[in-house]
Amino acid sequence: MKKIEVLGVTFDAGTKQEILARIADRLAAREGTFVVTANPEIVMKARRDPDFSALVKQAELVTADGIGVVQGAAMLGRPLPERVTGYDLLVDLLGLANEKHLRVFLIGAKPEVIAQTAAKVQATYPQLVLAGARDGYFDLTDTSVIEAVASARPDMVFAALGAPKQEQFLTQLRAQLPHALLMGVGGSFDVLAG
Ligand code: UDP
């Protein structure tokens, strides 16, 4: 898959289906994958903040989560095939987890939102194993949260903590879960909870 730089962020120029296929292959090969779905807020934050930019550079896959990013790339003559949003990837990956009976950990959003999200996910995808779910209101220095997620042995971790907290959390978690798919999903649990 081609890499395309737009505004200092290096994107993977794949369609949603190509990105999903890459993630599925990496999961099957037990290769850890950190995915950043870079919306305009994330792109601007990476431009302003070198520490955050360094976190984004650790991702194996960076997708363009915004029509502005796709349009910007086209204007620079380096086209990205389509917008690939965190929410759309989340829904498709939950489907994959359901199909393959994978273990999923959901972390983020307010307590009532994550409770609702967990119930919906379990009802909609009964074949996936919900390895754990917790809200996103904890301090990143509290290592017990990392330990709790790691000890649940998830294949996939979706973190809805907002940027940069979700990227900081997931890069901390990587060392403990070297084979997992780790993806920040912004406000997606609020959408899923309905
Ligand atoms: N959130 C969280 N912990 C925090 C801050 C935010 O779990 O410490 C959640 C918030 O409840 C929401 C999600 O992160 O579900 C996205 O938050 P926000 O809209 O602020 O971030 P954005 O989507 O703009 O990155």
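Trainee: What is the strand order of the open sheet, and what is the pairing?
Mentor: In this predicted model, the open sheet has 6 strands in the order β4-β3-β8-β7-β5-β6, and the pairing is parallel.

Trainee: Which strands stand at the edges?
Mentor: Those are β4 (61–64) and β6 (129–134). Each has a single partner strand, so one side of each lacks a neighbour in the sheet.

Trainee: By how many degrees are neighbouring strands turned against each other?
Mentor: On average by 15 degrees, with direction ignored.

Trainee: How many bridges join β7 to β8?
Mentor: There are 4 bridges between β7 (residues 156–160) and β8 (residues 181–184), and the two strands run parallel. Met156 has Leu181 of β8 opposite.

Trainee: On to the helices. At what angle do the axes of α1 and α5 cross?
Mentor: The axes of α1 (residues 16–28) and α5 (residues 86–100) cross at roughly 45 degrees and come within 11 Å. The crossing is right-handed.

Trainee: Which residues make that contact?
Mentor: From α1, Lys16, Ile19, Leu20, Ile23 and Ala24; from α5, Asp88, Leu89, Asp92, Leu93 and Leu96. The residues of this contact comprise 7 nonpolar and 3 charged, with no polar ones.

Trainee: Finally, the ligand. Which residues come nearest?
Mentor: Of the 15 residues around the ligand, the nearest are Ala109, Gly136, Gly162, Gly186 and Gly187.

Trainee: How does the shell around the ligand divide?
Mentor: The shell has 6 nonpolar, 5 polar and 4 charged residues.

Note on methods
Residues are numbered from 1 along each chain as its sequence is written. This is a predicted model: local features need pLDDT of at least 70, side-chain atom pairs count only at pLDDT 80 or more; totals for chains, interfaces and linings use all residues. A residue is near a molecule or strand if its C-beta atom, placed from the backbone, lies within 6 Å of it. Ala, Val, Leu, Ile, Met, Phe, Trp, Tyr, Cys and Pro count as nonpolar, Asp, Glu, Lys and Arg as charged, and the others, Gly among them, as polar. Axes are lines fitted to C-alpha atoms, for helices over the stretch in contact, and angles run from 0 to 180 degrees between N-to-C directions. A crossing is left-handed if the near helix is turned anticlockwise from the far one by less than a right angle, and right-handed if clockwise. Two residues are in contact if their C-beta atoms, placed from the backbone, lie within 7 Å. Two strands pair if DSSP finds at least two bridges between them.
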